[in-house]
Amino acid sequence: MKGRQMEKSKPRTYRIFCYGDSNTYGYDPRDGSRYEENERWPDVLQSILNACASEDMRYSVLADGLNGREIDVSSEGEEDISGAVYRRTLFRVFPFDLLLIMLGSNNIPKGDSAEKITAGLLRMCNSCETWMEQKTGQRPSVLILAPPEFREQSTFFVGNLERMAKESRALPSYFRRMANSHGYDFLDSNDVIEAGLWDGIHMTPENHRTLARAAASKVLKIAGRRDV
């Protein structure tokens, strides 16, 4: 109508769910506490994305990091407690547009191979896609992050550190091949950071900031591809 301004459409919120272990939780290896909120990579990611928000697009980062979390590597058709907890978590946080998952490190001390870990990760991603499609009619995008490789002089895990370091070095190539084969996006954290020297496993605050910047670049590209 004349003399009346058209109302602006409500901006779309692009929701990212970060699912991981202690490096997503923000474990501080110096004293076993937790990094401050503004030091953890999912929260830094939120800040970076907020700076990139527009009138049409907003970003919301949801994070669930748990110390000691593993990938469910039980046989297909079975489910251990890790898988059951995963489904309850999905129910709590859905709907979301992007699953950003960084797991696998805690499976290695148990003796799981990179191949077995990757197969378990694929089942987790497939489960999320199927579940979300049933609930919302749309599958989320998936961004797989390969975790930082163990340092052979790590003081965090007890056991054959040489074997564990070797297996952790194999994970990124397995994850990359799986992601490429199934249409997932992939980011190797080892391209931008190294595990901290404090215990050879966990990330430093600077690691968190660097990883968040790399993840933000990926997220913005993925969000730009999606029909929003």
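**Close-up views of strand E3 and its surroundings**

**View 1. Strand E3 and its two partner strands.** Strand E1 (residues 12-20) runs parallel to E3, and the two are paired over five bridges. The model shown in this and the following views is a predicted one.

View 2. Strand E3 covers residues 98-102, and because five of its five residues are buried, the strand is largely enclosed by the rest of the structure. In a regular strand the side chains alternate between the two faces of the sheet. In E3 both faces are covered, with Leu98, Leu100 and Met102 buried on one side and Leu99 and Ile101 buried on the other.

**View 3. Leu99 and its contacts.** Leu99, which lies in strand E3, has a relative accessible area of 0% and is therefore buried. Leaving aside residues up to four places away in sequence, Leu99 touches Phe17, Tyr19, Tyr86, Cys128, Ser141, Val142 and Leu143. One of these, Ser141, is 42 residues from Leu99 in sequence, yet the C-alpha atoms of Leu99 and Ser141 are 6.2 Å apart in space.

**View 4. Helix H4 and the residue that follows.** Helix H4 has 23 residues and reaches 33 Å from its first C-alpha to its last, which is close to the 33 Å expected at 1.5 Å a residue. Just after the helix, Gly137 takes a positive phi of about 85 degrees.

**View 5. The nonpolar cores.** The largest nonpolar core has 34 residues, and those with the most contacts inside it are Ile101 and Ile144. At least two residues of this core are supplied by each of E1, helix H3 (81-93), E3, H4, E4 and helix H5 (161-182), and the largest share, nine residues, comes from H4. Ile144 touches Ile101, Leu121, Cys125, Phe175, Met178, Ala179, Tyr184, Asp185, Phe186 and Leu187, again without counting residues up to four places away in sequence. A second, separate core of 26 residues includes Trp41, Met57, Leu98 and Leu143. In soluble globular proteins, nonpolar side chains tend to be buried together.

**View 6. Cysteines without a disulfide.** A search of the whole structure finds zero disulfides. Cys125 is buried, at 0% relative accessibility, and the closest cysteine sulfur to its own is that of Cys128, which at 7.4 Å is too far for a bond. Cys18 is likewise buried, with a relative accessible area of 0%.

**View 7. Thr210 in helix H6.** Thr210 is placed in helix H6 (residues 205-225). With a relative accessible area of 18%, Thr210 counts as buried, because the cut-off for that term is under 20%. Apart from residues up to four places away in sequence, Thr210 touches Val192 and Ile193.

Key. Residues are numbered from 1 along each chain as its sequence is written. This is a predicted model: local features need pLDDT of at least 70, side-chain atom pairs count only at pLDDT 80 or more; totals for chains, interfaces and linings use all residues. Side-chain values use heavy atoms; hydrogens and water are left out. Buried means under 20% relative accessible area, exposed over 50%, partly exposed in between (1.4 Å probe, protein chains only). Helices (H or I, at least four residues) and strands (E, at least two) are DSSP runs, numbered from the N terminus. Two strands pair if DSSP finds at least two bridges between them. The expected span of a helix is 1.5 Å times one less than its number of residues. A nonpolar core is a set of buried Ala, Val, Leu, Ile, Met, Phe, Trp, Tyr and Cys residues joined through side-chain atoms within 4.5 Å. Contact means heavy atoms within 4.5 Å. A disulfide is a pair of cysteine sulfur atoms within 2.5 Å.
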